[in-house]
Amino acid sequence: MKPIIRQMIREKLAGLTANEMIQYGKQYGFSLTHSEAEQMTKYIKNTSFDPFNEKDRIKILKKIAQIKDEKTARKANRLFKDLTKKYGVDHLF
């Protein structure tokens, strides 16, 4: 079952739209412009990374900090942790 869940998470991340990113930001207390959200989703889609690998997640968070700021990157990390816990897959990370 783990490989299926991992694949679903990878596909969800790769399929994020700028509008979804903006909505998640509103839910978790950070704001993004459409341009910032586009840059982030483009980076996620065009970068080969493993969300289950801590070094890869740190790389993505650094890119978010570069596009927006460190505070937003920390909130995005909190969002990731909350969502993995909410869906019961936090043990995979």
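1. The second largest pocket holds about 230 Å³ of space. A pocket here is an open set of points on a 1 Å grid over the protein atoms alone, where a 1.4 Å probe fits, with protein on both sides within 12 Å along at least five of seven lines; lining residues have an atom within 4 Å of a point. Volume is the space filled by probe spheres set on the points, which are joined across faces, edges and corners.

2. This is a predicted model: local features need pLDDT of at least 70, side-chain atom pairs count only at pLDDT 80 or more, and totals for chains, interfaces and linings use all residues. Residues are numbered from 1 along each chain as its sequence is written, and side-chain values use heavy atoms, with hydrogens and water left out.

3. Which residues line the second largest pocket? Among them are Glu 54, Arg 57, Asn 77, Phe 80 and Phe 93. Helix α4 gives the largest share, five residues. Helices are DSSP runs (H or I, at least four residues), numbered from the N terminus.

4. By class, the lining of the second largest pocket has four nonpolar, two polar and five charged residues. Asp, Glu, Lys and Arg count as charged; Ala, Val, Leu, Ile, Met, Phe, Trp, Tyr, Cys and Pro as nonpolar; the others, Gly among them, as polar.

5. The largest pocket has about 830 Å³ of space. Its lining counts 28 residues; Lys 12, Leu 13, Leu 16, Phe 80 and Leu 83 lie nearest the centre. Helix α5 gives the most, seven residues. The lining has 22 nonpolar, three polar and three charged residues.

Definitions and conventions
Helices (H or I, at least four residues) and strands (E, at least two) are DSSP runs, numbered from the N terminus.
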